[in-house]
Amino acid sequence: MAGSGGLGDRAGVGQGAGAGPGPALRAPRGPLVLCALVLGAYCLCALPGRCPPAARAPAPAPAPSETPLAAHRPGALGLPRARSPGRRRLPQALIVGVKKGGTRALLEFLRLHPDVRALGSEPHFFDRCYERGLAWYRSLMPRTLDGQVTMEKTPSYFVTREAPPRILGMSPDTKLIVVVRNPVTRAISDYAQMLSKTPGLPSFRALVFRHGLGPVDTAWSAVRIGLYAQHLDNWLRYFPLSHFLFVSGERLVSDPAGEVGRVQDFLGLRRVVTDKHFYFNATKGFPCLQTAQGRSRPRCLGKSKGRPHPRVPEAVVRRLRDFYRPFNRRFYQMTGHDFGWD
């Protein structure tokens, strides 16, 4: 789903749109029925769409006599691009998660590199379109030359139980990148996106807890996605930890060049994308892209990046933070990295 990266969303804490007094949750049957209808409508809108047609695969690279693609694409930053058409290959690297973690931003940052060719849309092959087969999947990929890295990103792979064995079947050497973010902030960002598409949803508090301020509802996808340790358990049944790189969504905002540098190292690439390519947009609250020479205006991500969050009561945030703490600490132990969310 386009726009699921989530980089730069801003959370609010306090009384506001996501809040509601406890007694209001014990509403009469009529409002409850209305809520059920609204949620049902959202679910229908959120159902997976059709698989992308192979005909919509990126066009072949121009012939030597044509102007390079980089010259036509805004924000290409003047980095050299190969003129040879190359051939379509299965991806050697995947950004597998997580939704609203910063995956779109990371993909766009990596596409600045001349040796990275990435599919712009999310193909959802390993979770939604697997029956189409690997030949169909390959047909979606951009053409590459020897030495270039083909990759794609679909954040829902990380929470799909069938994805790891399917990716293993494609290639046991696949490099896996997971962009993670504070699960509390990520859940609020996820809710903000839902609310933008389906106005009239119940409050964040009403969805995150069962029966008022009862147990956290792990059946709600906005909560379930943030149980990173549980999802990683499933992946480690098929791939060793050495095949993963865990990228901090927070550091993609505060130090994009540093995090992208780690990714370039992981992919075996030269560190071409550096701090010269980033400009921090204080209004949006996240980095924009600029030419290393500064000859053109900075290019920012879509309008949805930097979308304000609904304000959520501090008591709700605190309860959710306490809920995630043991899962976060286990995730730190599994990955060998403390992300500092607690």
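**Entry 1: C288 and C300.** I looked up the torsion about the S-S bond of C288 and C300 in this predicted model; the value is about 90°, so the disulfide is right-handed. C288 lies in strand β10 (residues 286-289) and C300 in the loop between β10 and β11 (308-312), so the pair ties together parts that are twelve residues apart in sequence. I recorded 1.8 Å between the sulfur atoms of C288 and C300. I then checked accessibility: C288 counts as buried because its relative accessibility is 1%, under the 20% cut-off. C300, at 27%, counts as partly exposed.

**Entry 2: C51 and C129.** My search of the whole structure returned two disulfides. C51 and C129 form a disulfide, with 2.0 Å between their sulfur atoms. C51 sits in the loop between α1 (29-46) and α2 (69-72), and C129 in the loop between β4 (116-118) and α4 (134-140). The pair thus links distant parts of the chain, 78 residues apart. For the link of C51 and C129 I noted -110° about the S-S bond, which is left-handed. Both C51 and C129 are buried.

**Entry 3: T150.** I located T150 in strand β6 (residues 149-153). Its relative accessible area is 0%, so T150 is buried. I listed its contacts, leaving aside neighbours within four places in sequence. T150 is in contact with R89, L90, P91, Q92 and A93, and also with R117, M141, P142 and T144.

Notes
Residues are numbered from 1 along each chain as its sequence is written. This is a predicted model: local features need pLDDT of at least 70, side-chain atom pairs count only at pLDDT 80 or more; totals for chains, interfaces and linings use all residues. Side-chain values use heavy atoms; hydrogens and water are left out. Helices (H or I, at least four residues) and strands (E, at least two) are DSSP runs, numbered from the N terminus. Buried means under 20% relative accessible area, exposed over 50%, partly exposed in between (1.4 Å probe, protein chains only). Contact means heavy atoms within 4.5 Å. A disulfide is a pair of cysteine sulfur atoms within 2.5 Å.
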